[in-house]
Amino acid sequence: MEASGSFSTCAPAPTASGRRFASAGAGAAGRPLRAPAPAPGADGLTLVELLIVLTIIVLLASLLVPSVQQARSIARIARGHCDLRSITTALHVYRESSDGRLPPVRLSCSTRTAYELPVELARLGLLPRTQKGGVDIVETRDPFTGAAYLYRAPGPAILNETVLVENASTLWVPAAFPDCRNDLGRYVRDRDTSPVRYAVWTDGPDPNSDKMRQIPGRRPLPQRFWCRSAGDTGVITHAEQQNGTMLISD
């Protein structure tokens, strides 16, 4: 048999997968295929849709902001009561170590805030201590305005950091105390006969509110001055009766 001088090579037929690959990679003219263009407006919001979203956001914010403010007010009131408990504890320790005597009230025209907390509590390490104008003061401040907590008790008072005067400090006590709803009452100055040993308080969220301007010398025991709930103004007070029971504003 005579052998042929050339050999023909048969290429394998393209497989189904190969045809799919080729068709996916190029068009009829060999150009790469592209994804279809998106329809107009498919990738963004229309003006009406945007206005609807903004309206929903504004409505949600109007619902949430009052709730956040109320929660913040409740937290500050709770913080005020917590600070006042610490102050009354300090006064109790001081009284136990001073033969039953409480520190004198401060009455000042210049160097101190009238009725500010007794610095003796800070000097004994019962409360934090700092200085203002070269004068020692209690560092504890209320959570509303950063003002000083206040202290008032019948009996002795120090005037302008120089003179100790017996029975110079008075405290307005409602006539039916410990029921403080009645506006009738009197100023007491004798610590031995007063139904109240002392009162400590903060002037609350707004010391300049209309409620706080009503006969300010009678604060803090009459209920008319109390802060009764979140969003209200008025004082938050703790007072110790002669029998040792605490009166707490609510």
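Residues are numbered from 1 along each chain as its sequence is written, and side-chain values use heavy atoms, with hydrogens and water left out. As the model is predicted, local features need pLDDT of at least 70 and side-chain atom pairs count only at pLDDT 80 or more, whereas totals for chains, interfaces and linings use all residues.

Rings of Phe, Tyr and Trp (for Trp, the six-membered ring) were taken to pair if their centres lie within 6.5 Å, with planes under 30 degrees apart counted as stacked, over 60 as edge-to-face and the rest as tilted. By this rule the model contains three aromatic pairs. One of them is the tilted pair of Tyr115 and Trp201, with 6.5 Å from centre to centre and 45° between the planes. Tyr115 lies in the loop between β1 (105–107) and α3 (120–123) and Trp201 in strand β9 (residues 196–202), so this pair ties together parts that are 86 residues apart in sequence; helices (H or I, at least four residues) and strands (E, at least two) are DSSP runs, numbered from the N terminus. Relative accessible area was classed as buried under 20%, exposed over 50% and partly exposed in between (1.4 Å probe, protein chains only). Tyr115 is partly exposed at 22% relative accessibility, and Trp201 is buried at 3%.

Trp172 and Tyr187 form an edge-to-face pair, at 5.1 Å centre to centre and 75° between the planes. Trp172 belongs to strand β7 (residues 171–174) and Tyr187 to strand β8 (residues 185–188), so the contact ties together parts 15 residues apart in sequence. Trp172 is buried at 6% relative accessibility, while Tyr187 is partly exposed at 41%. Arg218 lies over the face of Trp172, at 3.8 Å from the ring centre, where a charge sits over a ring if NZ of Lys or CZ of Arg is within 6 Å of the ring centre and within 35 degrees of the ring normal.

The structure holds 12 salt bridges, each defined as a side-chain nitrogen of Lys or Arg within 4 Å of a carboxyl oxygen of Asp or Glu. Among them, Glu240 pairs with Arg197, the closest N and O atoms being 2.6 Å apart. This pair links distant parts of the chain, with Glu240 in strand β10 (residues 236–241) and Arg197 in strand β9, 43 residues apart. Glu240 is buried at 7% relative accessible area, and Arg197 is buried at 15%.
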